[in-house]
Structures are given as C-alpha cells and as structure tokens.
Amino acid sequence: MFPHKNFWPFFFARFLAGALVLAFMAARADSSPFVVDSWSVEEGLPDSEAISVVQSNDGHLWIGTQHGLVRFDGNRFTVFNQMNTPGLISDRIVFLFEDKEANLWIGTESSGMEMIRNGVVQDFSAASSGSGVVTYAVEDSSGTILFSAANGILVYEKGQMYFRQGVLSPVLSSLAQRAVVPSTSGSYWRIADGTIGKWNGNRLQKDLGPFPWGNPEIKVSAALEDDRGNLIVGTLGAGIFWSEAGGKWQNISNELSSPYILSLCMDREGNLWAGTDGGGLDRIKRKIFRTPAGFPARNVQSIAEDNQGGLWMASGALGASYWNSNAIQNFQVGPVHDAWEVLVDRHQRVWAGTSDEGLYQFRGNQFIPVSGMGIPGLQIFSLFEGHDGQLWIGSQNGLGNFDGQKWTLLTAHDGLSGNSVRAIAEDSHGGLWIGTESQGLDFYQDGKFTYYRASDGSVPGDDISCLAMAGDGTLWVGTFAHGLARFANGHWESFSTRNGLASDSISYILEEGDRLWIGSNAGLMRVAIKSLDDFAEGKIDSIDCRTYGKADGLPTRECSIGSQPAACRSADGQLWFPTTEGAAALDPSEIKTNLQPPTVMIESILVNGVQQKTNGLASAWPETVTIAPGGGRSEIQLEIHYTALDFSAPNLIRFKYQLEGYQTDWIDAGNERVARYPKLPPGNYQFHVMAFNEDGVRNENSGSLDVVVLPQFWQTTWFAVVAILVTLGIVAAIVRYLSTQKLQRELQRHKQQEALERERSRIARDLHDQLGANLTQVALLGEMAEADKNLPEEVESHAQQISQTARETTYALDEIVWAINPANDTLEGLTGYCIKYAQDFFALAGVRCRVDAPAQLPDISLPPEVRHNVFLAFKESVNNVVKHAEATEARIHVRLTAHNFVLEIEDNGKGLADAGEKQGRSGLRNMRKRLADIGGNFEIGPGPGKGTVVRLTVPIRNHG
C-alpha cells in the first residue's frame with residue numbers, strides 16, 4: 001500500500017469516502033472526452049502500485065513501486081532492484097525527483113535517499129537517516145534542493161546533504177500537501193478550505209469554486225497544471241478532476257484502473273500519467289474522436305445529415321436512428337429492421353436501403369416501402385443522388401434509376417459488366433462510375449459502357465467496395481481486398497499495405513481538404529493526398545498513413561463496410577464515421593500533427609548472445625563498441641536493441657536502420673526494435689537507426705553507433721604473410737607430387753594402350769572367327785552350287801545354306817558393331833539389346849517369349865568387356881532353350897538389386913538333366929567363365945514347374 005505517514009489510520013476513511021463519491025461520477029466512459037490506457041503487472045510492472053511517476057530529461061518515464069525502480073519507454077518496462085542493480089539500498093521506492101542536472105533522486109520507504117548520476121547510484125542513506133518518507137522537492141536557481149520529509153527538511157547543496165530535524169517550512173509543507181500547486185505563469189493554485197482558486201500573490205485570478213468531489217474528507221494526493229494552464233487534481237477515491245478553460249470540471253474515474261491516485265505526471269507530448277493504488281499505471285489522453293451521449297454502442301453502416309443538422313444512421317438489423325439536439329429516436333425499417341443505407345436527398349426526403357427488403361422512404365414519422373422495387377431488387381447495396389436529382393440504386397440485380405415517377409434498370413444485358421453493384425459516383429459531366437462486386441469498374445455515359453479491370457492494369461482488383469469523386473475530378477476507388485486506386489488525368493495508380501496502408505480492405509473514402517479519410521477493418525486511416533502523389537511519382541518509398549482506433553476515441557478500429565453512403569461531412573464541418581460498434585465524430589480543425597520527433601535510444605548490444613552494455617541504468621550508450629575475437633568464430637553474431645521514446649502512440653512508431661559498411665540500403669523494420677546480424681565479418685561499421693512517430697515525423701539525427709569487429713589471428717595481415725609462405729611451400733610440394741603423378745599417369749596410359757590393343761585383338765579375332773568362317777562357307781557353297789548346276793535340287797539346297805549363312809553373318813556383324821559402340825556402354829543398352837535378340841530369336845523358332853523388366857533403368861555405365869561377356873552368355877542360354885530344351889515358352893526376367901543386375905532365362909522345356917546330356921558341359925563352362933571374368937555369377941537350375949532357369953548375376957555398382 002501507499003507508504004505515507006499515518007497511512008493506515010486513514011485507509012478505511014479513504015475507502016468509505018470513495019464509496020460516497022461514486023454517485024458523483026455520472027459521465028459514462030464511452031462519452032468521456034478522455035481515453036485511458038492501463039499497464040499493470042500483466043504488462044511488466046513489478047506490482048500494481050505506481051507510487052511516484054516522473055519523466056526524466058532523456059524522455060523516459062520512471063516509476064517508483066514497492067518492488068523496485070521501473071523505467072518505461074512507452075513499449076517496455078525495465079525493472080531495477082537490489083538483485084540486478086548494484087548500489088540500490090531498497091526496492092520500496094516512494095518518491096522520485098529529477099533535478100536541473102538530470103540527476104534522478106530516489107526516496108525509499110525507510111532506507112533514506114539515493115541519487116542516480118550518469119547511471120551510477122550514489123548513496124545518501126546516512127545523511128538522510130531519520131528523515132522519514134520524502135514527499136516533495138523543490139530546487140532553487142543555485143541548484144540547492146529542499147526535500148520535504150516526514151520529520152523535517154533535507155537539504156542538498158554543493159554535493160553534500162544534511163538533515164534539519166524538526167524544521168518545518170510552511171511553503172514547502174503546503175506544496176508537499178498539494179494545498180499549493182505552482183503555475184507556469186508565475187501564479188499558484190490554492191486547494192484549501194474547501195475551495196480551489198488561482199492566485200497571484202494575494203490577488204485571486206480565477207475562482208474554480210468548491211471542491212468538485214464534494215466530500216471534504218477525500219484527500220488530494222497529487223496535483224499539477226497541464227500545458228494549457230488548467231489544473232489537474234488527483235484524489236484518493238474519487239479519481240482525477242481536470243479543469244477546463246471555462247471553469248468546468250471533467251471527472252475521470254470510471255475509466256481509470258483505480259480511483260485511488262498516488263501520483264500524476266504530464267509528459268512532453270501532453271499525455272497525463274497517473275500512478276494508482278492497485279491499478280498500476282494509467283495514461284490519460286484527450287479523445288480525438290467523440291461519440292455524443294446517448295449514441296447506442298451498436299453497428300452503424302451509414303450516416304447522412306439533413307438540413308436541420310440532424311443525423312440519420314442505418315444500423316442493419318436494428319433499423320434506423322435519428323439524432324438531433326442530443327436526443328435520439330429509433331425507427332423500424334421493414335419487418336426485420338433491416339437498414340443498411342440511408343440517404344437524405346436535396347428535397348430532404350429520407351431513403352433507407354435494406355439487405356433483403358428493398359427500398360424504404362420516411363413518411364409520416366415512419367419508413368414505408370417504395371413501390372416498384374421488384375425491378376431493381378430487394379437487396380440494396382448503395383444509394384446515390386445524381387447532379388440532376390435522380391436517385392440511383394445499386395442492387396443485386398443491377399443499377400436502378402428512379403426519376404420520381406418510374407424505375408428503370410441497367411443489367412448485364414444492357415452492357416453492365418456485373419449485376420451486383422456496390423458503389424456509384426458521378427463526374428462533373430454527368431458520367432457515372434459503377435463499382436461491381438466482382439466484375440471490376442464501369443463508366444457509363446451517353447448510353448455506352450467503358451470497362452476497367454484488374455487484368456488490364458487499371459484497378460488493383462475487380463472487387464470494388466466504394467467510390468469517391470474528389471472536387472478536382474480525381475476518382476478514388478476502394479476494393480474489398482486489393483487496396484486503394486486513383487484515377488486522374490487518364491492514369492491509374494494503386495496503393496496497398498505494401499506501400500504503407502494499414503489494410504487492403506477499404507470500407508469507405510471521405511475527402512477532406514488535402515487529406516483522405518479511409519475506413520478499413522484495421523482502423524480509420526488518414527492519408528495526405530500529397531503523400532500519395534509523392535509515392536506515385538517515386539519521391540518517397542512509403543506512404544505516410546496515420547491509423548486511428550479505440551485508443552483515439554473510436555468505438556472500435558473496425559470500420560463498417562458494404563454500404564453507400566457511409567461516412568459524411570456535416571454542415572458544421574464535423575466528420576462522421578460509422579464503425580461496427582457505433583458512430584464517432586471528429587472536428588478536423590482540432591487535428592494536431594504530433595511534431596515531437598521520437599527520441600531514439602540504443603538500449604542494449606549483444607555479441608554472440610552476451611550483453612555488452614552492463615550498466616542498464618545509463619541511458620547513454622558508448623559512441624564505439626569494439627568487439628574482440630573469441631570462440632574460434634570468423635564471423636560475429638550481433639544484435640542491437642533500440643527503442644524510441646514516444647508515449648502518445650508507441651505502437652505506431654516505425655523504424656528504419658542501416659549498418660553502414662555492411663548494408664547499402666535502409667531496412668524498414670516496422671515496429672520491430674531489434675537489428676540482427678547473424679554473420680558479421682571483421683571490419684569497421686556504423687549503425688544508424690531512425691524513428692517515425694504516428695504522424696510520420698522523424699527524428700532529425702538518427703541514432704548512431706560505431707561498431708569495430710576485430711579479426712581472429714588468422715584474419716590478420718601477419719597471418720596472411722605466413723600463410724602465403726606456407727602456401728608457397730605447399731605449392732612446391734604439390735608440383736613435385738604432380739610430377740610424380742604425371743609419371744604414374746603415363747604408366748597408366750601405357751596400360752590403357754595395352755588394354756586397347758587387347759580389345760582390338762578380340763575384335764579382330766571375332767571378325768576372323770565368325771565373319772571369316774562364314775564367308776569361307778559361303779564361298780564353298782557357291783562353288784558347290786556351280787558344280788551341281790545341272791542338279792536343281794542341290795542348287796536350291798546350297799542357296800538356302802548360303803542365305804542362312806549370310807543371315808548369321810549379319811547377326812554376327814551386328815553383335816560386333818553393338819559391342820564396340822560406346823553409346824551402348826550402359827545398363828539400359830545391354831538390357832534392351834539382349835531382350836531384342838531373345839524376342840527375334842524366339843520368334844523365328846516359334847517359341848513364345850514374355851519379358852518382365854522395369855519400366856526404367858538407372859543410367860549406369862558398363863565397360864565393353866562386361867557387355868560382351870554378358871551378351872554372349874545370354875545368347876548361349878537363349879540358343880540352348882531352342883536347340884536343347886524343346887521349349888514352347890520362355891520368360892526373360894530383369895531385376896536390379898542394390899549392387900547387382902540379374903538376367904534370368906526361364907523355359908518350360910524338358911528340364912536340366914535331358915538338356916545337359918545333349919548339350920555336354922563345355923557350353924556351361926564357357927558361360928560360367930565369362931561371368932567369372934567380369935566378377936559375376938552364373939547359376940543354372942530347374943524351373944518352378946518344369947524346365948530350366950539360367951541366372952546371370954552381374955555386379956554394376958563398381959562399374960558405375
């Protein structure tokens with residue numbers, strides 16, 4: 001709990017006082033002009049009591065808690081306590097104050113005072129012993145600081161601190177008790193005797209009347225003046241009271257995480273920070289958007305204004321509403337209250353479109369259906385009034401027109417690209433732009449249609465969701481999922497999330513001066529038209545897009561989609577936006593660009609996972625970080641964690657960084673706050689980081705850091721010299737080795753020459769043995785035919801033998817050519833040739849042949865001698881089937897194992913015993929020897945039923 005003197009006796013009194021003032025808090029949170037965001041233990045605070053809050057000169061927020069000192073950058077809390085911060089004497093921090101020299105003073109609950117100077121803790125506990133809890137401090141022009149303590153006054157001057165026990169200062173006590181609050185104008189606020197006023201000396205300048213919290217028992221715990229000179233008072237139990245220029249008070253209580261305020265701090269961006277008792281830390285901002293009191297928190301699809309300043313709203317299944325003079329009326333539209341669009345035409349007629357009940361008109365204080373709606377259809381998507389006063393309707397059936405007397409309808413039969421019309425706009429010449437749900441954009445004028453599609457490079461997508469015609473004739477086109485498009489001067493440009501938009505789903509577009517307001521499911525976007533122009537012209541690489549959501553006063557960030565009209569500008573200049581949880585208004589003249597650039601800071605540096613910045617209290621970082629080699633790594637893993645101090649919209653901060661000397665371009669990091677370099681070689685680099693706030697304002701001087709990565713010893717110059725000398729020695733050794741290898745290669749070449757000679761001899765032997773013998777036989781048969789020319793039967797016999805010998809010669813020659821052709825030195829070539837030979841041979845012999853082989857064999861190379869021996873063994877086996885087995889059917893099986901290639905020849909002949917007796921053993925010995933010569937295996941055995949199986953197993957992996 002809050003460690004203040006006499007706290008416990010007042011605890012129950014404060015509790016009861018808080019209960020008494022609950023009735024005073026009449027304003028609802030959603031109609032309050034303030035937005036409150038809270039941080040507590042779930043977000044990183046060590047406990048839920050933010051006892052003291054102060055903003056330091058470097059921009060950080062510092063929070064004193066019962067469990068340590070906390071630093072906050074708007075995004076992350078860093079906790080300092082006795083366990084992780086040398087020098088801290090206590091974790092129970094109850095008072096914080098920064099002096100003119102940027103020293104942070106820390107008051108503890110019972111251990112005295114400390115000071116942090118340049119990240120180093122200085123202990124003043126001995127000098128402040130017995131002073132009690134410090135509650136206030138004031139510094140004069142000479143640098144002397146007076147601390148108001150429970151038991152007297154602490155004085156710090158010229159580097160020394162001493163305690164004046166029992167000494168009281170009426171002025172200092174009044175300041176400490178918040179009975180007096182200094183004003184920047186030189187005056188002061190007086191909160192005493194049940195009244196509040198602003199005084200200049202003894203003269204009352206402004207009387208704010210009695211305490212706005214009513215109950216005099218409620219204690220004032222904190223007070224300060226805002227940047228407009230208005231007084232803000234924090235109480236224990238009644239929340240915060242914020243005065244306005246006219247003297248009216250705004251009470252902020254229900255919105256807070258706790259109505260018990262322990263401290264207040266106004267940051268440089270105009271945000272109010274409240275430390276609470278039990279609720280953590282609250283940020284209070286004035287809403288940019290407002291929702292009038294009484295507006296229902298429900299879906300609003302469409303908004304339109306009449307000439308009385310009243311607003312009509314369509315709310316889907318909840319019907320339509322009319323708001324005027326802070327009063328709201330609800331109306332039924334159709335049997336199921338199904339209103340999706342509302343339009344007030346120039347004659348002040350109110351039209352309401354529904355999703356499945358057609359068009360309604362407001363007459364006699366009720367909505368009645370419009371006759372003839374069977375023509376345009378019952379599902380209405382858009383309502384639009386043309387320059388000539390005619391009513392146009394986009395429906396599921398096409399584009400409807402009502403001239404006040406009759407309906408006409410344009411459909412796909414008339415040239416419309418698609419019947420589902422979602423949006424309508426008109427140019428200054430009366431031409432209509434028609435957006436369809438899935439067929440792109442049409443332009444209709446003088447009875448003719450012109451089409452624009454994503455396929456022709458015009459619109460980014462054919463799913464048109466909304467249209468807006470600007471005053472200068474520019475057409476803005478929104479799509480359901482493909483971003484924004486612009487058509488101006490005959491040229492199209494497209495914009496999407498890749499270019500900086502918050503979403504590619506565009507709900508509606510509203511032009512306001514030189515800005516566009518674009519509704520989406522990811523928030524309401526505000527984009528300067530100049531930014532879009534500059535991006536289209538290539539002057540910038542990203543669009544400056546400000547996105548608004550609940551933190552800015554919108555009921556929700558999700559804008560309504562699917563209705564026209566949607567958003568509107570009222571006669572008083574207010575902009576009205578529909579969302580899925582209600583409507584919100586904005587006075588564009590009150591929009592103020594946040595010109596405060598974010599303060600960029602480098603928080604930590606990790607090298608190979610080791611933290612380099614050991615003093616976490618110091619906000620400054622060294623100008624140069626030198627990274628020594630280590631761990632045997634030639635490259636360094638570098639992480640640089642950075643942040644930007646922005647408290648208005650820290651989630652909208654964008655970063656860009658560059659490591660000069662390693663990267664040539666800036667890296668767009670979005671909201672990421674760390675740069676990682678997993679493989680950084682030795683060298684000299686300079687790291688730069690820049691930040692952009694929610695309005696695109698960049699810090700003028702990017703944060704920079706020099707990074708020096710020292711090389712390993714093998715990356716140094718002397719090592720390179722030694723390496724060169726060693727390399728030369730190695731080269732000499734290699735030359736000698738290569739010379740030896742050359743001689744060995746020469747020897748190997750001679751061996752290959754001998755192998756080639758052997759192959760030539762084999763080919764010559766085959767030619768002599770096979771072709772020579774066959775040609776000799778042909779010559780002898782020719783001579784015999786000549787001798788027996790008078791014997792026709794003998795001549796015919798000799799001719800048949802000559803023909804048979806010629807065929808055998810052809811086969812033999814083909815085999816020899818196949819064997820010596822290098823193109824056949826593959827497993828597939830051998831297999832194919834063997835199968836073809838077997839099929840041809842068996843066909844001539846009248847033996848049925850079946851082949852079982854893989855559809856595709858791997859590309860494995862085989863030497864010529866392997867192919868030659870395998871084929872001859874295979875050929876011998878095939879011949880045996882025909883000559884000796886007396887088979888009627890043969891099967892060729894081809895199998896491939898991990899290391900072998902297997903050829904099997906299976907027949908259904910007489911079997912092994914009979915065949916073997918007739919054949920003898922020489923043929924089997926030859927086949928076995930041929931397979932053995934190439935490292936293979938020959939097997940012969942009985943078949944599965946009868947007959948014989950010959951298996952030729954050939955090793956292939958050693959050849960491949």
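I looked up the sheet and found that four strands form an open sheet in the order β2-β3-β4-β5, with antiparallel pairing. Strands pair here if DSSP finds at least two bridges between them, and strands (E, at least two residues) and helices (H or I, at least four) are DSSP runs numbered from the N terminus. At the edges I noted β2 (52-55) and β5 (77-80), each of which pairs on one side only. The twist from one strand to the next averages 20°, where axes are lines fitted to C-alpha atoms, for helices over the stretch in contact, and angles run from 0 to 180 degrees between N-to-C directions.

I then followed β4 (residues 68-72), which pairs with β5 in the antiparallel sense over four bridges; R71 has T78 of β5 as its bridge partner.

Next I turned to two helices, α6 (residues 827-845) and α7 (residues 864-883), which pack at an angle of about 20° with their axes 10 Å apart. That makes α6 roughly parallel to α7, a label for angles under 35 degrees. The contact (heavy atoms within 4.5 Å) includes L830, Y833 and F841 of α6 and R867, F871 and K875 of α7. I sorted the contact of α6 with α7 by class: 14 nonpolar, one polar and two charged residues. Ala, Val, Leu, Ile, Met, Phe, Trp, Tyr, Cys and Pro count as nonpolar, Asp, Glu, Lys and Arg as charged, and the others, Gly among them, as polar.

I must remember that this is a predicted model, in which local features need pLDDT of at least 70, side-chain atom pairs count only at pLDDT 80 or more, and totals for chains, interfaces and linings use all residues. Residues are numbered from 1 along each chain as its sequence is written, and side-chain values use heavy atoms, with hydrogens and water left out.

How values were computed: Parallel < 35°, antiparallel > 145°, perpendicular 65-115°, else oblique.
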